[in-house]
Amino acid sequence: MVRALALAFVVGGTALSVTGCGAAGPGLAKQIPAADPGAARDPINRLQVDALRDISRRVLAELVAALPAEHQARVRDIPLLGDNSLGDVNAYASCSDDGTPFVAVSDGLLQISAHLAMSVASDEVFDTDKRTDYLDWLEHHALEAPPVGFYYFAHHTDRTKIARQRELFEEEVAYILAHELAHHYLGHLACNSASGGLEELGQLAADNVPVFSQAGELAADVAATKNLLNAGAQRAGYAWTEEGALLVIAAFNHRRPLGVRDVLLGFERTHPIPHLRAPAITTTAELWRGSGGYLPL
């Protein structure tokens with residue numbers, strides 16, 4: 001289960017951090033085309049959680065459809081629930097009181113995924129380094145909103161950048177949700193395993209987590225990578241890669257101690273360190289491609 005970072009700073013459906021200024025700023029690598037008239041309505045630019053959750057539900061349906069029949073049967077029609085707790089830092093798999101499986105993603109996780117997508121898309125299109133800037137901000141400020149002008153306005157409204165950030169956001173969400181689905185069909189939760197499975201810690205994880213739960217997390221990462229690549233290969237448009245997964249993992253790869261680690265360590269208490277997770281994802285993706293996309297799930 002991904003227990004991801006949180007960031008909650010949408011006011012009236014519009015992010016305060018992305019209004020920007022009129023100047024293009026440093027890092028401009030090409031002539032800026034006319035602003036996309038749809039930029040003001042783009043849900044990623046605006047960090048509109050309801051719209052981001054709608055995108056996530058569509059991604060979830062694609063992931064389930066790409067599973068083998070035996071796994072698909074365990075998660076067919078699984079709902080995606082929201083979690084808007086202020087400062088909550090997770091995504092998780094669990095079951096309702098009657099045993100019905102579900103997955104949940106916090107508002108903060110969706111917003112951080114959107115910021116990562118915006119940053120990397122800007123870097124790719126305009127040869128900037130906003131990804132590093134955002135990870136530095138996240139490392140030191142956690143839940144605080146980046147300042148006005150953090151994204152160059154002309155970059156932020158570019159149609160190529162907006163299209164690319166949608167691809168990256170979907171890839172990030174595909175990894176997160178595929179990971180949670182894996183906990184269900186691999187039987188890691190007590191509520192969906194005849195043998196008891198791995199104890200589902202959910203939002204009640206203690207500081208000391210049994211080692212076997214981290215083994216389950218790595219197994220879910222491997223299965224999630226295969227699932228998102230299989231689903232991506234079946235898409236009519238952009239085929240998902242493991243890049244979104246690595247973007248999410250990078251958000252936890254802190255370079256120095258934080259004053260805000262109590263907020264961010266919820267994820268690290270229950271998951272292997274990022275230095276172990278990233279190689280598991282990249283190795284699985286390489287094996288998948290080496291197999292011609294036929295690596296068994």
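Two strands are taken to pair if DSSP finds at least two bridges between them, and the helices (H or I, at least four residues) and strands (E, at least two) are DSSP runs numbered from the N terminus. The structure is a predicted model, in which local features need pLDDT of at least 70 and side-chain atom pairs count only at pLDDT 80 or more, whereas totals for chains, interfaces and linings use all residues. Residues are numbered from 1 along each chain as its sequence is written, and side-chain values use heavy atoms, with hydrogens and water left out.

The chain comprises 11 helices and 5 strands. Of its 297 residues, 54% are buried, where buried means under 20% relative accessible area, exposed over 50%, and partly exposed in between (1.4 Å probe, protein chains only). The accessible surface of the chain comes to about 12,300 Å², with 56% of it belonging to carbon and sulfur atoms; accessible areas come from the Shrake-Rupley method with a 1.4 Å probe, and for residues only the protein chains shown count as cover. Among contacts (heavy atoms within 4.5 Å) in the chain with a separation of 6 or more, 78% are accounted for by residues 24 or more positions apart.

Three strands form an open sheet in the order S3-S5-S4, with mixed pairing. Strands S3 (80–83) and S4 (91–95) stand at the edges with a single partner strand each, so that one side of each is left without a neighbour in the sheet. From one strand to the next, the twist averages 30°, angles being taken from 0 to 180 degrees between N-to-C directions and axes being lines fitted to C-alpha atoms, for helices over the stretch in contact. S3 and S5 run parallel and are joined by 4 bridges, and Gly-82 stands opposite Val-105 in S5. S4 and S5 (residues 101–106), by contrast, pair in the antiparallel sense over 5 bridges; Val-105 of S5 is the bridge partner of Ala-91, and Val-103 of S5 stands opposite Ala-93. The two strands S4 and S5 form a hairpin with 5 residues between them, and Gly-99 in the turn has a positive phi of about 90°. Because 5 of its 6 residues are buried, S5 is largely enclosed by the rest of the structure.

Two helices are considered here in relation to the sheet. Helix H2 (residues 49–65) packs on the sheet, touching S3 and S5, and its direction makes about 150° with that of S3. Helix H4 (residues 107–126) also packs on the sheet, where it touches S3, S4 and S5, and its direction makes about 60° with that of S5.

The axes of H4 and helix H5 (residues 130–141) come within 7 Å and cross at roughly 150°. H4 and H5 are therefore roughly antiparallel to each other, angles under 35 degrees counting as roughly parallel, over 145 as roughly antiparallel, 65 to 115 as roughly perpendicular and the rest as oblique. The residues making this contact include Ile-112, Leu-116 and Val-120 of H4 and Tyr-134, Leu-135 and Leu-138 of H5.

Most residues other than glycine have a negative phi. Asp-77, although not a glycine, has a positive phi of about 65°; Asp-77 lies in the loop between helix H3 (69–75) and S3 and counts as exposed at 71% relative accessibility. Asp-127, in the loop between H4 and H5, has a positive phi of about 60° although it is not a glycine, and its relative accessibility of 59% counts as exposed.
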